[in-house]
Structure formats: structure tokens, C-alpha cells
Amino acid sequence: LRFKGKGALQEMEQTSLLAPITKASFTATDPRRLAEYIRTGVRIATSGVPGPVFIELPFDVLTAQVTDPQFPPPPRPWPAQPGDPLGITAAAALIAAADKPMIFAGSQVYWDAAWGELLAFAERAQVPVFTNAMGRGCIDSRHPLSFSQARKNAFRGTDLAIILGTPLDFRVGYGAGINAKAKIVQIERDPTKVAQNRDTDVAILGDARSVLAQLTAAVPAATGRTAAWIEELRGAETKAHGKLLEHAASDARPINHYRLAKAISEVIDDDTILIGDGGDCVALGAKLLHRNKPGTWMDPGPLGCLGIGAPFALAAKKLHPDKKVLVLSGDGSFGLNGFDFETAIRWNLPMCVVVANDAAWGQIRGPQVMIFGAARSPATKLAPTRYDKVVEAFGGKGYHVEDPADLVPTLRAALAEPTVTCVNVSIDPEFVVKSGAAKLTV
């Protein structure tokens, strides 16, 4: 602190720099208050909509000697935030009158531990459920009301869209695909996200767990009114899934993205924590990597911050040592933080990273080739690096797969190893474009 403004090593306006992308950003100025600072930071980070907090520790504060330092107590649960009763009544009336309702549920269902309430509400009202982000797994993918492939059909045909704890951002075309005549009920913690890109008929501010419980109590039990709608969506779901399975059954070499994802789905169980860290390999793979339990899916999120694979896996394995952890990584993603798999080896945290290796920044190269041609897709090619050898150099175990028939046995062997393993899979760099899948990921 005494050198502030003098040009000390690495001096910069850190708190100002990070303020726009954090919930709080401040400097610790008194070592005796560190417990208070940390307690405040954790409370802000975990309250309401979770988010990061940045606390700057100047060198003299960090190294100061403190007598009998206090330790911050564990944070108490954040208070429930039930919805406005008038909003609950209005939403219940719309739900009771809808013939083609749908739920689009996102990460707040997970953060609010609302998966039980989501299932209870969906079953009582007989409403089909679509999930994204960390909402994946909050309803068992095998449940009759759980859907994933027919979302476009649902958005187009619905007469009531219940938007639950997720923004209508680029991942869903900013809500433009939702039937213009449909009613919108939005359940949201963050008031700045209400009516973003699409006006709402009823907005309910509150936590997902409380609001879903309120709605379940308020709506009448379904009488079969939505049965035809559910059957329609199930038909669209089955048809779309069937097209994916055609690719997933291909024995062509190089291996395509769906074939790899199907193989992974065959070797993981419901308790496996699956982390997607990449572009095309995650966007396409997620269509076949269904999750059935909350907290078993993590991905780069709406900011698309590649390189989260190893860091997320370290935290997941440390918190859940009895669960298997598998990272589906692009080769570009591996290049960002792949050296942290050495950290996993050093700390004896077994995990498996599967590298979908197309020797390219595939999600960038695909659209460029489609729009401008292969000759005008600059800086998108990578070397066909053997990432399995990289992990072996760290002290782990590596595998290399080129034949699709070797996928399942190799993945099983890798997951069974008591160390960090890397399965480097050569995938088709042209598949996304030639199959038309690039249209789904742009």
C-alpha cells in the first residue's frame, strides 16, 4: 500500500479492471480484517445469482504478521426468495389454460437445488422440460417429460413458454424462435434479465426452488390436455435423435464427433462428472451425452471460455474423490490449460481427458470454410499433436485412437486407470461442414 502510485512491480488498477465482470472488486487494506473481507466476498459470490468476487491483497497486507487471526465461519444458506403471490396466481392461470406449454430451464435450477421441485411441477402440470447449461441433469434424460432434440419444435409450436433461470441469449437465438403468439412466463433471480430480448406476460422474481413449489401448489393437476403436445414433441425428438445415431454408428475414419460422443456415453455412468471444454466437439457431443443427475455436467458457459477442462476437473475430483471425472476437450482447448493435468498427477487426482483432435480451431474454421472457402480461413489449422504423449510426459498414461472400433474398449481402460489418462482421438476435420452440423453451431 505504501508504494501505491509509485510504479511498483506489476502495479495496475486491478480492482477497476475487474469491476465490470465481477459482483464485487475491492482491496484488502488491513490484515486484521482478512476474515471479514473473505466472509463478505463469499457471501456476495454465493448470494442470489452466483458470480465471482475479486479481492486484491497488496504485498504488505499479504505478508503482515497477525496475532490470533480469526477464521471466517462457513457461510449460512442464502435466504429463500419466494415469488410475488399475484405473479404466482397469474402464472398458474396461464399454465392451466395452455395446451402446448414448455419449460426451458437453466443453471439457476442447479444453483437453487430445485431439481426435485422442477420434477414435481412438471409432473403435476404435465409440461415438457428442456434444459441448458447446468440445468442439464436436473431432470433425468430418460423421464417421459424430458426433451433435448426437439427444442426448436417446442419453441415454434408452444403457446406458453416458461423461461426458468436462464437468459434468452445467443444460445437460443435471443428468443426469436419462440412462437410470436405464445405467452411468456419468466422465473428469474436477476431483474436485469427479465424481458431481455422478449417481453414477458408474467415475470416472477425469486429463487427457482421456492417459485416452483409455489406454482406446484397453485396449478391444478393435469387432465390430459397436454398429452397430444407431448406426443408430438416425442415424435420430433425420436426423429432427430435417430439422425444423430446414424452418424454415431458410422465406422468411417477419421472418426466423427457423434461417434466419439456415443462411445463416451457407453462408458460413463450417471455419477460421472462430465466436463465439456471445446467448440464443435462439445456442441455436437452434448446432443448424445445425456445427463441424469444434477451437477454432472459442466461446460465453458455463455462466455465460451475455453480451457476450463483441467481447472474444473481438479475442483470436481477434489470435491468428489469417489466419482469418475471425464473431460471432453478440443485440441485447441487442451492447448490453453492442458498443463494443469500435471497438477492433477502431482496431487493424485485421477481423471480422464478425451481430446477430440481435428488439428484445427474447428468451430472457427467450419463457418469460415462454409462462407469464404478453405483458402480464406486463416489461422485456424493446428498441428496434429499427440496430446496423449504430452500427458505421458507428465507421468500419466496416454492412448491414441484412430479406429472407431477401438473407442469403447480404450475409453473403458482409460477410466479404470488410477491416474490421469489422456485419450487422443483423431476426428474428421471436415465432418462438421460436410454433414451440415456447422449450421447448428454458428
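**Notebook: pockets, cores and sheets**

I began with the second largest pocket and found that α2 (34-46), α5 (107-111) and α12 (309-319) each supply at least two residues of its lining. Helices (H or I, at least four residues) and strands (E, at least two) are DSSP runs, numbered from the N terminus. The model is predicted, so I note that local features need pLDDT of at least 70 and side-chain atom pairs count only at pLDDT 80 or more, while totals for chains, interfaces and linings use all residues. Residues are numbered from 1 along each chain as its sequence is written, and side-chain values use heavy atoms, with hydrogens and water left out.

**Pocket and cavities**

I set down the search rule before the results. On a 1 Å grid over the protein atoms alone, a cavity is a set of points where a 1.4 Å probe fits but cannot get out; a pocket is an open set with protein on both sides within 12 Å along at least five of seven lines; lining residues have an atom within 4 Å of a point. Grid points are joined across faces, edges and corners, and a volume is the space filled by probe spheres set on the points.

The second largest pocket has a volume of about 1800 Å³. Its lining has 46 residues, and Pro50, Gly51, Ser107, Trp111 and Pro302 lie nearest its centre.

I then turned to the cavities of 30 Å³ or more, of which there are two. The largest cavity holds about 90 Å³ of space. Among the residues lining the largest cavity are Asp280, Asp358, Arg365 and Glu430. α15 (362-372) and α18 (431-434) each supply at least two residues of that lining, and α15 gives the most, with four.

**Cores**

A nonpolar core is a set of buried Ala, Val, Leu, Ile, Met, Phe, Trp, Tyr and Cys residues joined through side-chain atoms within 4.5 Å. Buried means under 20% relative accessible area, exposed over 50%, partly exposed in between (1.4 Å probe, protein chains only).

In the largest core, of 48 residues, Ile103, Leu118, Phe121 and Leu164 touch the most other members. Strand β6 (residues 160-164) gives the largest share of this core, five residues. Another core, of 36 residues, lies apart from it and includes Ala248 and Val408.

Two strands pair if DSSP finds at least two bridges between them. I traced an open sheet of six strands, in the order β5-β4-β3-β6-β7-β8, with parallel pairing. β5 (146-147) and β8 (202-205) are at the edges with a single partner strand each, so one side of each has no neighbour in the sheet. Two bridges join β4 (residues 129-131) to β5, and Phe130 stands opposite Phe147 in β5.

Next I checked β9 (residues 273-277): five of its five residues are buried, so this strand is largely enclosed by the rest of the structure. Ile273, Ile275 and Asp277 point one way from β9, Leu274 and Gly276 the other. β9 runs parallel to β11 (residues 325-330) over five bridges, with Ile273 opposite Val325. β9 also pairs in the parallel sense with β10 (residues 297-298), over two bridges.

**Asn256**

Last, I looked up Asn256, in the loop between α9 (227-248) and α10 (257-267). Asn256 counts as buried, at 7% relative accessibility. Its side chain reaches the backbone oxygen of His247 at 2.9 Å.

Notes. Polar contact = N/O pair within 3.5 Å; in protein donor to acceptor, adjacent residues only side chain to side chain.
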